[in-house]
Amino acid sequence: MKHAHLYLLIAFCLNSVVPAAEPFHFAENDQKQLTLTEGTLPILTYQFDAIEHENVPPRDRRRTAGCYVHPLHGLNGEILTDNAPADHYHHHGVFWTWPHVGVHEPDGSTTHYDLWTSDTALKQHFVRWIDRTISDESATFAVENGWFVGDPQNGNKIMTERVKIIVHRIQTVGDVRSRAVDFEFRWQPTDKPITLRGSAGKSYGGFTVRFRPVVPDGKSLAEPSEVNKITVPSGIAPGDLEETPLAWAGYTSAFGSLDGEKRLSGAVIFVPPTHPNFPPTWLTRYYGPLCVGWPGVDGRTFQPGEKIKLRYRIWIHDGAVTLPQIEKAYGEYVR
């Protein structure tokens, strides 16, 4: 009997352990979407092949699009991203495209394409799945896409694109409840040199997140408000930024949740110091898009077979976050 209290204490501690995390789960549907959940909580959906957006006019090239993430959810199930909004039909949640793609022909000429708005015949298309893996701590999927001029069935592929997305479990960083989603990209020109270049004076072109912030009463989405804030390393951005070098940028708004309650949350895009031309230049807009501009407005030419490697993290957080809290999370990412 003298050990009874000890046994009771041990039993209490064992029963007080944090419950096992809900399992990750992939589900693919006939809309050409791969959705990832954690238990019943939605995390993200990858639109792996092209679908039609009914709100886009039928004759508009932007009506059909694929190879992007939407929706990206917050930690309470709220939808953080927008897809084919009326102001910019070519914005699709989390996407990666360029407005200026130059293909250098054997005769010395250059054919110009616009992958950003799909105003030309160049589009991204799904080729094959590479990986789907679930562990106790993360879920990973990887895909191969191609940049095709015209019908992908004719094999006119100018670029091979590989995307790997790693979704980590919700954790607490400092006193912030958060989830990290890592993106790893590999591009490789097929048989002709390709130049990638951002938009002059703005620098968009590359990794982009289109958020869907709440429009505050009586205010425009051109400046910070009580609910909408873009935070950068220098603090709260007083307005939109263009061609601005940044290591990270984040958007906080009252995105809402599955139960209909409005609450603050958001996400920060982290760029690692190993990124080429670090820190890259950005375009940030209070109406929703945060754009990492690389290789920027001057552009860069890549030879056939040359590998382009980029990495980013989207750090999704619950509630509003302070500058020191973001700096702590970014520091842990860098380490």
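Reply: Start with the cut-off for burial: a residue is buried under 20% relative accessible area, exposed over 50%, and partly exposed in between. The model shown is predicted. By that cut-off Glu-144, at 9% relative accessibility, counts as buried.

Me: Which residue does Glu-144 meet in a salt bridge?

Reply: A salt bridge here needs a side-chain nitrogen of Lys or Arg within 4 Å of a carboxyl oxygen of Asp or Glu. The side chain of Glu-144 pairs with that of Arg-162, at 3.2 Å from N to O. Arg-162 is in strand β12 (residues 157-168) and Glu-144 in strand β11, so the bridge ties together parts 18 residues apart in sequence. Arg-162 is partly exposed, since its relative accessible area is 37%.

Me: Strand β11 also holds Ala-139. Is Ala-139 buried or exposed?

Reply: Ala-139 is buried, with a relative accessible area of 0%. Strand β11 covers residues 138-149.

Me: How many salt bridges does a search of the whole structure find?

Reply: The search finds 15. One of them joins Arg-179 to Glu-38, with 2.7 Å between the closest N and O atoms. Arg-179 belongs to strand β14 (residues 176-189) and Glu-38 to strand β2 (residues 33-38), so this pair ties together parts that are 141 residues apart in sequence. Arg-179 is buried at 3% relative accessible area, and Glu-38 counts as buried at 11%. Together with Arg-169, Glu-38 and Arg-179 are linked in a network of salt bridges.

Me: Where do Glu-242 and Arg-285 lie?

Reply: Glu-242 is in strand β19 (residues 241-245), and Arg-285 is in the loop between β22 (281-284) and β23 (289-293). The two form a salt bridge whose closest N and O atoms are 2.9 Å apart, and the pair links distant parts of the chain, 43 residues apart. Glu-242 is partly exposed, with a relative accessible area of 38%, whereas Arg-285 is buried at 14%.

Me: Which residues have the most contacts inside the largest nonpolar core?

Reply: A core of this kind is a set of buried nonpolar residues joined through side-chain atoms within 4.5 Å. The largest has 63 residues, and those with the most contacts inside it are Leu-44, Val-101, Trp-147, Phe-183 and Phe-207. Another core, of 12 residues, lies apart from that one and includes Val-176, Trp-248, Val-268 and Phe-270.

Me: Which residues gather in a patch of positive charge on the surface?

Reply: They are Lys-164, Lys-307, Lys-309 and Arg-311. Arg-311 sits in strand β25 (residues 308-318) and counts as partly exposed, at 45% relative accessibility.

Note on methods
Residues are numbered from 1 along each chain as its sequence is written. This is a predicted model: local features need pLDDT of at least 70, side-chain atom pairs count only at pLDDT 80 or more; totals for chains, interfaces and linings use all residues. Side-chain values use heavy atoms; hydrogens and water are left out. Patches are made of residues with over 30% relative accessible area and no salt bridge: like charges are joined within 9 Å, nonpolar side chains (Val, Leu, Ile, Met, Phe, Trp, Tyr) within 5 Å. Accessible areas come from the Shrake-Rupley method with a 1.4 Å probe; for residues, only the protein chains shown count as cover. Lys and Arg count as positive and Asp and Glu as negative; His and the chain ends are not counted. The place of a charge is taken as NZ of Lys, CZ of Arg, CG of Asp or CD of Glu. Helices (H or I, at least four residues) and strands (E, at least two) are DSSP runs, numbered from the N terminus. Buried means under 20% relative accessible area, exposed over 50%, partly exposed in between (1.4 Å probe, protein chains only).
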